[in-house]
Amino acid sequence: DVAFLVYPSLNTSRFEHVLGTCRVAGMMAENATKSPKWRSYSNELKVKTSITSKDDFVQLCRLYALLHDIGHLPLSHLFEMAVKSWATNYAKIIEEWTGVAGFESLHEALGAVIAKRITQDISLSEPIVNALVTLMIEKKLPLKNPLHLIQSLVASEIDADRIDFVQRDGFLAGGEYGHYDIRRLCDSVFIEHDRRGWFITFSEKALTSMEALLHDRYRTHVWIHFHHRVVTTKMLVIFLIQKALDQRIITKEHFDPTDVEAFSLKDDVWLWSVLREMKADDETTRMVQHAVFYREK
């Protein structure tokens with residue numbers, strides 16, 4: 001989001017991140033197919049989704065990793081925090097902006113609509129399309145559903161998402177981060193099952209790498225994402241976004257998930273341009289704009 005204003009080299013994009021997440025998820029999935037319980041799992045996956053091969057399982061994991069963040073708005077969570085605190089009824093805003101109900105966050109609802117739309121234009125087998133849409137729509141699948149295991153590859157405590165962004169953010173911030181062994185983490189993945197359902201586990205050989213990942217994640221949160229200047233800048237940018245929402249410079253019409261091409265152009269560059277050009281109607285707004293765009297104290 002805005003950490004680059006404190007750490008100038010931390011200028012990564014979500015595109016880079018999802019490519020990295022896709023790569024890690026693919027490696028994890030490939031090793032999961034070597035698990036002793038793979039045959040039992042694949043049989044249940046076949047019953048639930050009609051997905052029958054290892055290659056299709058790996059492809060589904062990679063595609064889900066690519067799409068898991070596709071509904072994010074410009075400046076990602078920062079924009080969503082601004083909308084959430086601005087709205088008197090956040091659930092109503094989600095439904096009004098996306099046309100779907102039952103989601104806890106705006107980006108997840110947008111992601112579900114967009115994923116459903118773009119899978120119509122991609123040459124994929126019907127079982128993979130149906131499973132992919134299910135993964136994007138139902139964010140809290142029960143453990144007994146074999147698709148929950150695929151979700152956990154991308155969204156859990158040790159997952160492809162965190163494995164990628166912690167190392168990427170750490171390196172680009174110039175700190176002593178990201179020294180955990182990604183290859184070892186991926187090679188240590190296997191499928192487990194008990195009375196609760198299906199889940200991903202790691203062998204003991206990955207313990208030190210898991211500890212290093214969790215430690216680096218803690219350090220990036222404390223030293224980067226919750227650096228006092230980063231937090232202050234986030235508060236100021238949220239203020240400006242809310243001003244733009246109040247003035248209807250930014251509206252739901254800017255984020256139509258059924259028009260994927262137009263939606264994709266509403267990126268960080270677009271939002272910064274809107275906030276820069278927004279006319280300050282009071283002294284506070286003028287001061288905040290100068291603090292954000294001219295780095296004035």
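Reply: The model is predicted. Take helix α15, residues 283–293. Its buried residues are T285, V288, Q289 and V292. They span an arc of only 100° around the axis, so they sit on the same side of α15.

Now the ends. D282 caps the N-terminal end of α15. A side-chain oxygen of D282 lies 3.0 Å from the backbone nitrogen of T284. Just after α15, R295 has a positive phi of about 60°.

D282 also forms a salt bridge with K243, at 2.8 Å from N to O. K243 belongs to helix α12, while D282 is in the loop between α14 and α15, so the pair ties together parts 39 residues apart in sequence. K243 is buried, at 17% relative accessible area. D282 is partly exposed, at 28%. Salt bridges with shared partners join K243, D281 and D282 into one network.

Elsewhere, the whole structure holds 13 salt bridges. One of them pairs K37 with E192, at 2.3 Å from N to O. K37 is in the loop between α1 and α2, E192 is in strand β1, and the two are 155 residues apart. R162 and D159 also form a salt bridge, with the closest N and O atoms 2.4 Å apart. R162 is buried at 17% relative accessible area, and D159 is buried at 0%.

Methods: Residues are numbered from 1 along each chain as its sequence is written. This is a predicted model: local features need pLDDT of at least 70, side-chain atom pairs count only at pLDDT 80 or more; totals for chains, interfaces and linings use all residues. Side-chain values use heavy atoms; hydrogens and water are left out. Buried means under 20% relative accessible area, exposed over 50%, partly exposed in between (1.4 Å probe, protein chains only). Helices (H or I, at least four residues) and strands (E, at least two) are DSSP runs, numbered from the N terminus. The arc is that of the directions from the helix axis to the C-beta atoms. A polar contact is a pair of N or O atoms within 3.5 Å; within protein, one must be able to donate a hydrogen and the other to accept it, and residues adjacent in sequence count only if both atoms are side-chain atoms. A salt bridge is a side-chain nitrogen of Lys or Arg within 4 Å of a carboxyl oxygen of Asp or Glu.
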